[in-house]
Amino acid sequence: MTTTTTRALVFLAPGFEEVEFTVPVDILRRGGVEVKICSIQEDTAPVAGRCGIKISPDCAIKDISEGDTYDLIFVPGGLEAAEAFAKSAAVGEIYTRHNELGKLIAAICASPIALNAHRINHGRQVTCYPALAVRLDGNYKYSSDDVVVDGNMITSRGPGTAFDYGMKLLELLCGKQTRDQVAMDMLYKP
């Protein structure tokens, strides 16, 4: 019997928003998702977040090959990190390739600007940190909902919505039953 592991890839860049990284990663791992942490820098040195918390990545972006496929690609927010994701050709290529495969594509807080920069699913409904909605350049239908799912794309507003975002990612990857079990175990009540 062959079992399939559900896999997610999360990018890190200096200045990432720690809550928007740790909460979804924790929720996904509790649900059995294999989450790979990938620095968009040249090496696997620890990456400092917005508040100075350092995370050690599993790999650098140069280590992700064209044949590597994940069920979910996502990025945390933090304006400095979001701008780095938006400027990274490698992030854009990986987002585009996975989007074309119909895999889940997600971004929270400031990071939907990276989706916009890489022309991912223009015309769809998204949300982001409210002050950054203007940076979407009218290429999306903006929503003030905390979490927005439009096709294979999931977006969320900011640190305060990270639990809802993480739970929605888990539900889409592993089903409502897994999400409900993890929520109950974490004492999470939506």
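Glu34 is partly exposed, with a relative accessible area of 41% (buried means under 20%, exposed over 50% and partly exposed in between, with a 1.4 Å probe and protein chains only). The model is predicted, so local features need pLDDT of at least 70 and side-chain atom pairs count only at pLDDT 80 or more, while totals for chains, interfaces and linings use all residues. Residues are numbered from 1 along each chain as its sequence is written, and side-chain values use heavy atoms, with hydrogens and water left out.

Glu34 forms a salt bridge with Arg7, the closest N and O atoms being 3.8 Å apart (a side-chain nitrogen of Lys or Arg within 4 Å of a carboxyl oxygen of Asp or Glu). Arg7 lies in strand β1 and Glu34 in strand β2, so the pair ties together parts that are 27 residues apart in sequence (strands are DSSP E runs of at least two residues, helices H or I runs of at least four, numbered from the N terminus). Arg7 is itself partly exposed, at 23%, yet five of the six residues of β1 are buried. β1 (residues 7-12) pairs in parallel with β2 (residues 34-39) over six bridges; pairing requires at least two DSSP bridges between the strands.

Arg179 is buried, with a relative accessible area of 18%, whereas Glu171 is partly exposed at 22%. Both residues belong to a network of salt bridges that also links Lys168, Lys176 and Asp180.
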